[in-house]
Amino acid sequence: MKYKDYLWIENLIQQNFPLKELSTYRVGGPAEYYIEPADEEQALAALKWADEKKIEVYILGGGSNVLIHDEGLKGLVINTKRLNKILSQGKKAQASKNSNKVIKKETSVAEEVTIFAQCGAQIDRIVDKCAELGYGGFEEFAGLPGTVGGAIFMNARAYGKSIADIIETVRVFKKNANGRWISKTYRRECLSFGYKSSPFQKERTFILEATFKLKPVNSGKIKNLIEEYRQKRKELGQYVLPNAGCVFKNNRNFGKPTGMIIEELGLKGKKIGGAEIFNKHANFIVNTGNATAQDIYNLIRLIENEVERRLGLKLEREIRLLGKWEE
Ligand SMILES: Cc1cc2nc3c(=O)[nH]c(=O)nc-3n(C[C@H](O)[C@H](O)[C@H](O)COP(=O)(O)OP(=O)(O)OC[C@H]3O[C@@H](n4cnc5c(N)ncnc54)[C@H](O)[C@@H]3O)c2cc1C
């Protein structure tokens with residue numbers, strides 16, 4: 001395909017698009033170029049368009065694990081929010097009356113049921129859909145902000161379960177040996193996930209969709225569990241002030257959770273500008289109202305330096321820094 005063959009995509013690309021409200025930290029500057037593809041064809045054309053222009057591509061899901069630079073992002077930001085279909089498959093599947101995006105496919109196998117979701121589908125929407133259908137296995141992720149693509153990329157984890165534990169397949173756009181974008185489907189056993197890490201963090205891929213293997217369960221029980229998980233997050237104050245969840249990964253070799261390490265150094269409540277180490281959970285940094293991305297970054301560096309200087313431990317970041325940061 002030649003450049004002119006997908007020039008049409010330029011009509012859908014906006015310039016100087018504000019990103020602040022698309023990041024759960026509520027900080028960061030604009031995207032040089034921005035698109036919300038409505039389908040795969042548009043996503044692929046956008047990727048090729050960016051290649052042709054030799055500009056960086058940033059894929060944005062729910063923006064709940066990223067820190068966007070105050071000066072914004074040079075290049076093309078692809079927001080996956082419109083690629084949000086969810087389909088259920090299995091004997092117990094029942095299409096919702098209200099949702100035209102849920103499609104019922106009856107099969108004779110009831111022992112295992114499958115949910116299919118596009119990358120931009122909200123995790124919490126899938127959780128509710130599973131509860132409605134009586135599909136068990138997704139409930140631990142109740143209340144987790146973000147999308148399927150982000151959860152797979154990060155290998156999100158909640159209450160002892162990683163998203164990789166329920167993945168059956170993942171389909172992506174990736175480049176082949178000739179540098180051409182191709183669609184490829186991986187079965188779970190061919191993907192090496194680790195604690196909060198995925199193979200997609202090492203290779204430039206656009207996660208398009210995934211299927212998840214679940215079990216038929218009692219819908220009422222699942223709904224109660226989901227309520228409990230959501231309630232716990234509320235009690236932990238996770239939604240009170242803008243944040244992006246845990247800033248650092250835990251490390252078993254350190255003997256205790258990272259939040260506890262930071263707290264024991266007396267850093268809870270420490271502030272730089274409008275950014276503060278959360279007083280309810282020291283591995284969270286919150287935006288108290290007027291934080292800049294730089295304030296948050298400076299606080300991250302302060303924690304890293306203090307933990308290394310006083311304990312000799314090197315923390316590993318969980319959140320992804322987007323943009324040109326001087327490390
Ligand atoms: C209140 C709160 C609580 C949280 N609790 C947890 C928790 O319990 N456990 C946990 O693991 N995390 C938690 N998080 C962090 C975050 O919600 C998860 O990591 C989530 O899975 C990120 O999804 P997202 O769609 O927001 O990704 P984004 O933040 O948009 O992106 C994260 C990374 O994934 C990449 N990405 C996104 N979509 C795609 C795609 N389609 N293809 C390729 N790459 C893609 C982005 O480029 C970026 O590098 C929490 C965050 C908040 C704000």
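Contact, as the word is used in these legends, means that heavy atoms lie within 4.5 Å, and the structure shown is a predicted model.

View 1. Thr24 is placed in the loop that runs between strand β1 (14-17) and strand β2 (31-35). Leaving aside residues up to four places away in sequence, Thr24 touches Gly62, Gly63 and Ser64, and also Pro242, Asn243 and Ala244. With one of these residues, Asn243, there is a contact in which the side chain of Thr24 reaches the backbone oxygen at 2.6 Å.

View 2. Along its principal axes, the C-alpha trace of the chain spans about 60 × 55 × 35 Å. A compact globule of 327 residues would have a radius of gyration near 20 Å, and because the chain has 20 Å, the value agrees with that expectation.

**View 3. The interface of domain 1 and domain 3.** Between them the two domains bury about 1200 Å², of which 61% is on carbon and sulfur atoms. In domain 1, the residues that lose the most area to domain 3 are Tyr25, Asn65 and Leu67, which together account for 55% of what that side buries.

**View 4. Polar contacts and composition at the interface of domain 1 and domain 3.** Across this interface there are zero salt bridges by the rule applied, whereas seven residue pairs, both members at pLDDT 80 or more, are found in polar contact.

**View 5. The salt bridge of Arg204 and Asp51.** Side chains of opposite charge can pair when their charged atoms come close. The structure holds 26 salt bridges, and in one of them the side chains of Arg204 and Asp51 meet at 3.9 Å, N to O. Arg204 lies in the loop between β13 (181-187) and β14 (205-216), while Asp51 belongs to helix α1 (residues 40-53), so the pair ties together parts that are 153 residues apart in sequence.

Technical notes
Residues numbered from 1 in each chain as written. Predicted model: local features only at pLDDT ≥ 70, side-chain atom pairs only at ≥ 80, totals over all residues. Heavy atoms only, no water. Buried area = accessible area lost by both parts, 1.4 Å probe. Salt bridge = Lys/Arg side-chain N within 4 Å of Asp/Glu carboxyl O. Polar contact = N/O pair within 3.5 Å; in protein donor to acceptor, adjacent residues only side chain to side chain. Rg over C-alpha atoms; globule rule 2.2 N^0.38 Å. Helix = DSSP H or I, 4+ residues; strand = E, 2+ residues; numbered from the N terminus.
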